[in-house]
Amino acid sequence: MFSTIVSGAFCGIDSYLVQVEVDVAQGLPCMEMVGCLSREAGEAKQRIRVALRNIGICLPPSRITINLSPADRYKSGTAFDLPSAVGLLVSMGMVKAEKTKNILFAGELGLGGELKRVKGILPIVRTAVEAGITVCIVPEENSGEAAVIDGISVYGASHISQVIKALRFGMKEAGLKRAQALKIGEQDEGRGPQEDFEDVSGQETVRRAAEIAAAGFHHMLLVGPPGSGKTMIARRLPSVLPPLSLEESLEVSAIYSVCGRLEGGRILQKRPFLAPHHTATGASVIGGGRIPVPGAVSLAHRGVLFLDELPEFGRSVLDMLRQPLEERKVRIARSYGNIEYPADFILVAAMNPCPCGYYPDQRCRCSQAQIQRYLGRISGPIRDRMDLCVEVPGMETEKLFQREPGESSASMRRRIRGARRMQEKRFGSSLRFNGEMGIREIETYCVLDEEAEKRLRQAAETFSISLRGCHKVLRTARTIADLAGEENINVYHINEAVYYRLSAGTYWERKI
């Protein structure tokens, strides 16, 4: 007997429906799974056989064939265990076929029949809704995550026996309740207080740069001696960023879902902050692997990627950032197809001016060759992609003991929200931040008066600022004007933007 069950799979963060076709026919007793499967997906036949036997269901001595269609697309993961088992029960006549129509099944089977959590449920359920499916049955641990999507009834089961009983007698009789998505207030329960800029004393120039970066989603480089507060400031940047919209939250949560990193069915409400160690490999930062998974640049999507001790990262790893910084996405090529992950993040990097960290202070003992070699680990194209470069001076001892609190994150956030509202009014739904503007948007929204244009031309000619650099100056100036609540960019906004740009472009030359 033949049966078809609906399930789903994902490629990157894009998902598609899978038809699990099961046929039980006369022939040499065996069970085969086909359809371009990974090793763990093909091992489902062993888990299904043992799980059904342990709940008292013996498979007939027949030839069992399970096909996952479309058969030409590579499928990985363990989410096909449950739909394959249900399809087998339908083909054996233990469950009526009409009971499984318009229902999506996904879940991993334990050897005792337990249903275990799987990856990628959020994008799979979202695709199911678009296809008109109205019910899905998933492991209980995935139910809160799946229930975030509107337009579908989600039921979480902890054991396959519950699923069988629900298909025979109904959801209520099997004790399956419709899962409810957690409310936004419940999402944040149990989480500690967020770090605040109030803890930062002094460093007004760096705080100003951080505010500009947060308001316009600009990349920022912090240079200074050890203990000057570079990491402290970078870690407080998420506290002034605007909250994720519902669309952004689902987009970021889908990335974490395919990685299996959504805990307790909670979708992300705060912008992510990723800080990989400088020993991280290219695959862990950019993404990839034998079975590709998102890297740190994708996990930081719509948030902050912080690279501390920037020159200590491998130069090849840093150069891999060129494309994501420019295109805001990552493309990974494999023999079975290309995978694309989003990577729209703020890059915040921190570094010392020399190997010991104290140049040009008299405590520095580094030679010029050592300084050149240290700074040379960061290529020119990477430096050219930094919008803001700030020198972070060491704190004076007197200021340390004054204990005067700095401006709070809440105060900075009010100005940033005002700038954000101006950007929303300007761009509508086409763009989110000034840092995302392309050439056409720059020509439309960054019109300069005669004095401001003259200043930019003079800076570009004097300091050999590249065309990309000029565009970044204009984007930064547009954000500075938004923070001031002004519609037009004037010479003062250009001067401040050029100051940060020249710091980024000439720092290496000034230090050597």
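Which residues have the most contacts inside the largest nonpolar core? The legends below take this up first. The model is predicted, so that local features need pLDDT of at least 70 and side-chain atom pairs count only at pLDDT 80 or more, while totals for chains, interfaces and linings use all residues. Residues are numbered from 1 along each chain as its sequence is written, and side-chain values use heavy atoms, with hydrogens and water left out.

**View 1. The largest nonpolar core and L305.** This core, a set of buried Ala, Val, Leu, Ile, Met, Phe, Trp, Tyr and Cys residues joined through side-chain atoms within 4.5 Å, has 69 residues, and V297, L305 and L321 have the most contacts inside it. Helix α10 (residues 246–258) supplies its largest share, 6 residues. A second, separate core of 53 residues includes V304, A477, I480 and Y500.

**View 2. S3 in strand β1 (residues 2–11).** Beyond neighbours within four places in sequence, S3 is in contact (heavy atoms within 4.5 Å) with residues including V20, V22, G87 and V90.

**View 3. R117 in the loop between β7 (115–116) and α4 (121–130).** With a relative accessible area of 27%, R117 is partly exposed, a class that lies between buried and exposed, the latter being over 50%. R117 and E141 are 24 residues apart in sequence, yet 5.6 Å apart in space, C-alpha to C-alpha. Not counting residues up to four places away in sequence, R117 touches E141 and N142, among others.

Notes
Helices (H or I, at least four residues) and strands (E, at least two) are DSSP runs, numbered from the N terminus. Buried means under 20% relative accessible area, exposed over 50%, partly exposed in between (1.4 Å probe, protein chains only).
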